[in-house]
Amino acid sequence: MPETIKQLIENNRRWAAEISAETPDFFTSLAAQQTPEYLWIGCADSRVPANEIVGLPPGEVFVHRNVANVVVHSDLNCLSVLQYAVEVLKVRHVIVTGHYGCGGVRAAMSSGQFGLIDNWLRHIKDVYLLHQQELERIEDEDARADRLCELNVVHQVRNVCYTSIVQDAWKRGQKLAVHGWIYGLSDGLLKDLDVTVSQPDQLPAVYQYLGS
Ligand code: CO
């Protein structure tokens, strides 16, 4: 094994030993069950590690990450995570977290081609088009990209809410709030975008399922 990879295993040994020294039954009780209250949907970017940013240990956050924290209604991966989190784990909060300086968002804003991922980033181009006027009034390119990072979060929060998974949970009377946050790479701080949705009447009527 290369030295750098070996180092990771050694880091792990030390980490596990430290936690066990402090809380001897930490791993055995976690192994028995997980009861996280939060589902985090974030960017795959290495600089935005879910648990560390919010200071939570293993067992507290269920996590789904992809390029540019996109929630697509035909993405089986994201939907499966969402279904398990809502229906089995019964999380109380879904938090969509974007970040400023997101490479995926910036690529979506450009006319460059980047391969297969162009098809994934298309979802963000759609967000751009919906807010084209506002975005193109922002002259500074970094500021414009950062605003698109925020708008992308807003739309992905809505996409989570539009799923039958979340709507069914609300119909059952399950308490579930969906939040939109954005993280600053340069200061390590989270900002709440104040777009929390916790009941279906906050959504456009066409997206509200009332049953057959
Ligand atoms: Co990103």
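## Terms and model

Axes are lines fitted to C-alpha atoms, for helices over the stretch in contact, and angles run from 0 to 180 degrees between N-to-C directions. Helices (H or I, at least four residues) and strands (E, at least two) are DSSP runs, numbered from the N terminus.

The model is predicted, with local features needing pLDDT of at least 70 and side-chain atom pairs counting only at pLDDT 80 or more, while totals for chains, interfaces and linings use all residues. Residues are numbered from 1 along each chain as its sequence is written, and side-chain values use heavy atoms, with hydrogens and water left out.

## Helix 8 and helix 9

Helix 8 (residues 141-162) and helix 9 (residues 164-171) have axes that come within 4 Å and cross at roughly 60 degrees.

Contact means heavy atoms within 4.5 Å. Helix 8 contributes V160, C161 and Y162 to the contact, and helix 9 contributes S164, V166, Q167 and W170. These residues divide into 5 nonpolar, 2 polar and no charged. Here Ala, Val, Leu, Ile, Met, Phe, Trp, Tyr, Cys and Pro count as nonpolar, Asp, Glu, Lys and Arg as charged, and the others, Gly among them, as polar.

The strands form an open sheet of 5 strands in the order 2-1-3-4-5, with mixed pairing. Strand 2 and strand 5 (190-192) are the edge strands, each pairing on one side only. From one strand to the next, the twist averages 25 degrees. Two strands pair if DSSP finds at least two bridges between them.

Strand 1 runs parallel to strand 2 (residues 61-66), joined by 6 bridges, and W40 has V63 as its bridge partner in strand 2. Strand 1 also runs parallel to strand 3, with 5 bridges; there I41 stands opposite V96. Helix 4 (residues 76-88) lies across strand 1, strand 2 and strand 3, and runs at about 170 degrees to strand 2.

## Strand 4

Strand 3 and strand 4 (residues 177-183) pair in the parallel sense over 7 bridges. In strand 4, V178 is the bridge partner of V94, and G180 is that of V96. Strand 4 and strand 5 pair in the antiparallel sense over 3 bridges, with Y183 opposite L190. The hairpin of these two strands has 6 residues between the strands, and in it G188 takes a positive phi near 70 degrees.

Because 7 of the 7 residues of strand 4 are buried, strand 4 is largely enclosed by the rest of the structure. Buried means under 20% relative accessible area, exposed over 50%, partly exposed in between (1.4 Å probe, protein chains only). In a regular strand the side chains alternate between the two faces of the sheet. Both faces of strand 4 are covered, with A177, H179, W181 and Y183 buried on one side and V178, G180 and I182 buried on the other.

## The cobalt site

The cobalt ion has three protein donors, C43 (SG), H99 (NE2) and C102 (SG), lying 2.0 to 2.3 Å from it. Donors are N, O and S atoms within 2.8 Å of the metal (3.2 Å for Na, K and Ca); water is not among the atoms, so sites may look incomplete. Along the chain the donors follow the spacing C-x55-H-x2-C.

C43 in strand 1 (residues 38-43) and H99 in strand 3 (residues 93-99) are 56 residues apart, and the pair links distant parts of the chain. Both C43 and H99 are buried. Strand 1 is mostly covered, with 5 of its 6 residues buried.
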